[in-house]
Amino acid sequence: MPDDAWAALADAFVDGAYATVKGRVRTYVLHQQLLRHLPTAPAAVLDVGGGAAHQSLPLARLGHEITVLDPSAAMLARARHRLGAEPEAVRRRVRLLEGPGEQADVLTDARQFDAVLCHGVLMYLPDPAPMVAALCRCVAPGGSLSLMALNRRTLAVRPALERRWSDALTAFDAGSEPGVLGAETRADTVEGLSGLLRDGGLEAEAWYGVWLFADWMDIPLDTTDVGAVSEVELRAASCDPYRQLSRVFHLVGRKPVRPGRPRPDGARS
Ligand SMILES: C[S@@+](CC[C@H](N)C(=O)[O-])C[C@H]1O[C@@H](n2cnc3c(N)ncnc32)[C@H](O)[C@@H]1O
């Protein structure tokens, strides 16, 4: 692995993925869903693998105090550049920190946050467990953890829509797929990540889809009412059966104010 594996992908992600209808829908839907779980500003928010701060910058504009932790100097440079266009008050509320999320608690001096975000990162890791454990340690009692991951249950959709029928058949039992940025991406399930949350002392609170129609259709940005698409996607992301078909899912967990005592069967009271 190169030192900064994301240096080569930063342009494609920041200028490519986010400059599409799908990218706009992703930011809007995740933001609206997050607002259902975050306390009112100012809250301390840690965005792990926060990249160019697309998801946390809107939270800073609302008055939240943001720490973006990311191992990629190239992605953090993009975040710094985007921050440069913000008013001084917003800039002061965002701190950029370079390092891997698996060491988030150490790198933030064991500080605990009202909310921890980790969106679009687990899919690039061979094993989600060490990362989720570190993220759980960073959540303050009563705080929330927001994960966005690739949905293992819908891996056959994309190859089928591209008429790659043999790949689609294999995808039903696959655990990964070639990602849109070229790198192989590993998939998770809501149940699997909910189990990791429980291991870390959190309970799953809600789960959503993120995008559905914008993933299946090539929607031109210049002739589309992105607001209208986003409202449809937001609705679909919250109800069955639509959310189950989303290619990524958004899972929110919460740490109890008082940690439950472990029961003899291993469950928490
Ligand atoms: C697809 S981008 C997502 C960026 C941001 N979370 C967003 O939603 O816009 C993936 C990010 O994960 C970061 N990343 C990769 N491995 C990581 C790790 N071990 N710990 C923390 N971040 C990591 C990359 O540097 C990159 O910025």
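Against which elements do the buried residues of H12 pack? In this predicted model, the buried residues of H12 pack against helix H2 (21-35), strand E8 (203-209) and helix H11 (213-216). The report begins with this helix and then turns to other parts of the chain.

Helix H12 comprises the 13 residues 226-238. At 1.5 Å a residue, a helix of this length should span 18 Å, and the end C-alpha atoms of H12 are 19 Å apart, which agrees.

Six residues of H12 are listed as buried: Val229, Ser230, Glu233, Leu234, Ala236 and Ala237. Viewed down the axis of H12, these buried residues fall within an arc of 165°, so they line one face of the helix. The face of H12 turned away from the buried side carries the exposed residues Gly227, Ala228 and Arg235.

One of the elements that the buried residues of H12 pack against is H2. The two helices, H2 and H12, pack at an angle of about 50°, and their axes are 9 Å apart. On the H2 side, the contact is made by Val21, Arg24, Val25, Tyr28, Val29, Gln32 and Gln33. On the H12 side, the contributing residues are Val226, Val229, Ser230, Glu233, Leu234 and Ala237.

## Helices H7 and H10

Where they meet, H7 contributes Ala129, Val132, Ala133 and Cys136, while H10 contributes Leu193, Leu196, Leu197 and Asp199.

## Helix H4 and Arg78

Which residues of helix H4 (residues 73-83) are buried? They are Met75, Leu76, Arg78, Ala79 and Leu83. These residues cover an arc of only 150° around the axis, which puts them on the same side of H4.

Arg78, which lies in H4, may be examined individually. A residue counts as buried if 20 or more other C-beta atoms lie within 10 Å of its own; Arg78 has 21 such atoms within 10 Å and is therefore buried. Leaving aside neighbours within four places in sequence, Arg78 is in contact with Ala10, Val14 and Ala52. The C-alpha atoms of Arg78 and His54 are separated by 10.0 Å, and these two residues are 24 residues apart along the chain.

## Phe113 in strand E4

Is Phe113 buried or exposed? Phe113 is buried, because 24 other C-beta atoms lie within 10 Å. This residue is found in strand E4 (residues 113-119). Apart from residues up to four places away in sequence, Phe113 touches Ala44, Val45, Leu46, Cys138, Val139, Ala140 and Gly143. Phe113 and Ile66 are 47 residues apart along the chain, and their C-alpha atoms are separated by 9.7 Å.

## Backbone features in the loops

| Cis peptide bond | Omega |
|---|---|
| Ala41 and Pro42 | about 5° |
| Asp240 and Pro241 | about 0° |

Pro42 lies in the loop between H2 and strand E1 (44-48). Pro241 lies in the loop between H12 and strand E9 (248-254).

Another loop, between helix H6 (104-107) and E4, contains Asp109. Asp109 has a positive phi of about 55° although it is not a glycine. How many C-beta neighbours does Asp109 have inside 10 Å? Asp109 has 6 and so counts as exposed, since the limit for an exposed residue is 12 or fewer.

Ala110 is likewise found in the loop between H6 and E4. Ala110, which is not a glycine, has a positive phi of about 60°. With 9 other C-beta atoms within 10 Å, Ala110 is exposed.

Terms used. Residues are numbered from 1 along each chain as its sequence is written. This is a predicted model: local features need pLDDT of at least 70, side-chain atom pairs count only at pLDDT 80 or more; totals for chains, interfaces and linings use all residues. Helices (H or I, at least four residues) and strands (E, at least two) are DSSP runs, numbered from the N terminus. The expected span of a helix is 1.5 Å times one less than its number of residues. The arc is that of the directions from the helix axis to the C-beta atoms. Two residues are in contact if their C-beta atoms, placed from the backbone, lie within 7 Å. Axes are lines fitted to C-alpha atoms, for helices over the stretch in contact, and angles run from 0 to 180 degrees between N-to-C directions.
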